[in-house]
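I am opening my notebook on a protein chain and want to write down, step by step, what I look up in it. I begin with the terms and then go from the whole chain to single strands.

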Amino acid sequence: MVENQTKRRTASNSPSSYTGGITLKSRREMEAMERAGAIVGSTLALLKRSVEPGITTGDLNRIAEKNIRSMGAVPAFLGYQGFPGTICASVNEEIVHGIPGKRVLKEGDIIKMDCGATIDGFIGDAAISVAVGDVDEETQRLLDDTRASLYEGIAAAQPGNRIGDIGAAVEGYAKERGYGVVRQFVGHGIGRFLHEDPQVPNYGEPGKGVLLRPGMCICIEPMLNLGTEDTRILDDDWTVVTADGALSAHFEHTLAITKDGPKILTFHD
Ligand code: MG
Ligand code: MG
């Protein structure tokens, strides 16, 4: 995700990496987007299978990097504005941008893994939240509802609709269920750059904002919290956590807007 440009706060998501303008992909470019998306999807599927009590976030990072490179791609996040990982690994109250390392996952945790890959000059970006062993009912519901809110957003990403339709769909679904919807960070366009225009907030007004047109590729990425929507950034200058310490979940897909509707490029089981 990219930091909401209207609420800019730290240098770690400075707009220097953010490219202005919306890009429409040609058919050939869309094929490269599909290749990048497929690599990200397969990597997330592998990561999901790898999560178990006792594994470290650094182990998961190595698994992801090896998989991405084995398919001839390069990790899109590694070195991005100095980020030191192939994946962002965020545990429990960490929302996004967690740095993978020595932290050991334990039964009952939830881990969010966000992953990007570049191939033939184009980028895929997606995220999942996974339970470590058994989690309580409320936590499982947070995971299920956050994933479902992503699909509500995707369903609204029809050509002729607008960015506000996506945000309204995500927000409506989440608010009905009582979640805090993170506003500080938002989804984004994607292509040759990880973060392109337009911004894709998880809130909005139906019928408002940028028109969705075939050839656009965007990332929708709801971040839902059990408590407040407010966030804060840890001293490592990366890790975003909930201001109240409550649990947070995050799911993301890269999708293409086609004349027939949204097409998920980072599909995985
Ligand atoms: Mg993203
Ligand atoms: Mg992402």
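Before I look at any pairing, I note that two strands pair if DSSP finds at least two bridges between them, and that helices (H or I, at least four residues) and strands (E, at least two) are DSSP runs, numbered from the N terminus. I also keep in mind that this is a predicted model, in which local features need pLDDT of at least 70 and side-chain atom pairs count only at pLDDT 80 or more, while totals for chains, interfaces and linings use all residues. Residues are numbered from 1 along each chain as its sequence is written, chains are lettered from A and ligands numbered from 1 in the order in which they are written, and side-chain values use heavy atoms, with hydrogens and water left out.

**Entry 1: the whole chain.** I looked up the secondary structure and found 4 helices and 16 strands in the protein chain. The radius of gyration (taken over C-alpha atoms) is 17 Å, close to the 18 Å that the globule rule (2.2 Å times the number of residues to the power 0.38) gives for 269 residues, so the chain is as compact as a globular protein of that length. I then checked the box filled by the C-alpha atoms, which is roughly 45 × 45 × 35 Å along the principal axes.

Entry 2: Of the 269 residues in the protein chain, 57% are buried, where buried means under 20% relative accessible area with a 1.4 Å probe, counting protein chains only. For contacts (heavy atoms within 4.5 Å), I took those between residues at least 6 apart in sequence, and 72% of them join residues at least 24 apart.

**Entry 3: strand E10.** Which residues of strand E10 lie on each side? I found Cys217 and Cys219 on one side and Ile218 and Ile220 on the other, all of them buried, in this strand of residues 217-220. In a regular strand the side chains alternate between the two faces of the sheet. E10 pairs with strand E8 (residues 185-189) in the antiparallel sense over 2 bridges, and Gly189 stands opposite Ile218. E10 also runs antiparallel to strand E15 (residues 253-258), joined by 4 bridges, and there Leu255 is the bridge partner of Ile218.

**Entry 4: an open sheet.** I traced an open sheet of 3 strands in the order E7-E11-E14, with antiparallel pairing. Its edge strands are E7 (180-181) and E14 (248-250), each pairing on one side only. Between E7 and E11 (residues 223-225) I noted 2 bridges, with Gly180 opposite Asn225.

Key: Buried means under 20% relative accessible area, exposed over 50%, partly exposed in between (1.4 Å probe, protein chains only).
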